[in-house]
Amino acid sequence: MSGIENTIVLFWFYKELPLCIERIKHFKRLNPNTLVYGLYGGQTPKIGELDEIAKYLEHLYIFDKQKSTQWKWMSGDQMLIEWYRQIGFQFDWQKVFILQWDLSMYQPLSFFIGDVKDNQYVIPGIRDIENVKSWWAWYEESKIDDFRNYLNSSMNYDGPVFCSLFICALLPRQFFEYFLSREYSEKYFLEYKIPTILNALGYQPFEAKWLKPYWSEELLDNYVPIEERCLIAVGHGIPKEVIKKNILSNQQMIFHPCYESLSNLEELSYGSTTLSATEKCKLLMLNIEAYAKYRVKKLIGYNRAHRGGLLKYIK
């Protein structure tokens, strides 16, 4: 088995229900034969509030434990494990694609992950954590050392720790099965916990051409235009002008995060139209602003900016 054979999709959402329905419909138009399940992790829903979105899902699991928004962000993988323990184990699948509500793609799922092998997984931006420790906000040496001890004692693993940007993911059933009756620690951040555990289980990351994210905290040698920043973990939403330009020029076809309706982009195809003068002007202004921030980061120096708390202003 490889690619998307025997793969299901888990649509993970917690707010913006009308937008979520739009995203599911859009995904299904591109992937009519793929089963889509739901995982809701938002505030306790009102009676009937989720009835409409449930119509578009094979099954909807509601995570009803009372946890803070911060916990759900930092420990969202606990919800994924809980989904499997409570209901996901009953379904017939070998891989699950985690589709977050604010991700939008403009090609079928097979376009992005069709070449994945049995022993591979997909999470954007897999890197050795040692290569990002000087600037990645989630690197805490004491916690990482504790995580290494946890891996060594619980999984007999002493290899490298990897990190990622958990924008989406293709995960093997064995990952969930391994923790079906084992404790799944919530002490560690999912963006380094999941890829490292997968490595400990013998899986390798798939280098997906279309799933290379932009790390907003990293100080690069060269400026990256706004049009090429299509996969970002957090922060501002991807402008519609960026999405439209990429689709029309047959460049990037997957975007995150997308916080507004994109229904007016449904019928776009390569070469079908061009950007308007207003859209071109918007992209120019966005690049001018982004380039100015980049130059500030270069002049100040990343480490100094990070320690001084300026980073949040110059991303």
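Helices (H or I, at least four residues) and strands (E, at least two) are DSSP runs, numbered from the N terminus, and the expected span of a helix is 1.5 Å times one less than its number of residues. The model looked at here is a predicted one, so local features need pLDDT of at least 70, side-chain atom pairs count only at pLDDT 80 or more, and totals for chains, interfaces and linings use all residues. Residues are numbered from 1 along each chain as its sequence is written, and side-chain values use heavy atoms, with hydrogens and water left out.

Take helix H10 to begin with. It runs over residues 277–300, and its 24 residues should span 34 Å at 1.5 Å a residue. The C-alpha atoms at its ends sit 35 Å apart, which agrees. Some of its residues are buried (under 20% relative accessible area, with exposed meaning over 50% and partly exposed in between; 1.4 Å probe, protein chains only). In H10 these are Glu279, Leu283, Leu286, Asn287, Ala290, Tyr294 and Lys297. An α-helix has 3.6 residues a turn, so residues three or four places apart point the same way. Just after H10 comes Gly301, with a positive phi of about 95°.

Next come the charged pairs. A salt bridge here is a side-chain nitrogen of Lys or Arg within 4 Å of a carboxyl oxygen of Asp or Glu, and by this rule there are eleven of them. Elsewhere, salt bridges with shared partners link Glu130, Lys133 and Arg148 into one network.

Another salt bridge brings Asp146 and Lys187 together (2.8 Å, N to O). Asp146 is in helix H6 (residues 141–155), while Lys187 is in the loop between helix H7 (173–178) and helix H8 (190–200), so parts 41 residues apart in sequence get tied together. Asp146 counts as partly exposed, at 27% relative accessibility.

Lys65 and Glu82 also meet through their side chains in a salt bridge (3.6 Å, N to O). Lys65 lies in the loop between strand E3 (60–62) and helix H3 (69–74), and Glu82 in helix H4 (residues 76–86), so the parts tied together are 17 residues apart in sequence. Lys65 is partly exposed at 41% relative accessibility, whereas Glu82 is buried at 12%. H4 as a whole is mostly covered, with nine of its eleven residues buried; among them are Met79, Leu80, Ile81 and Trp83.
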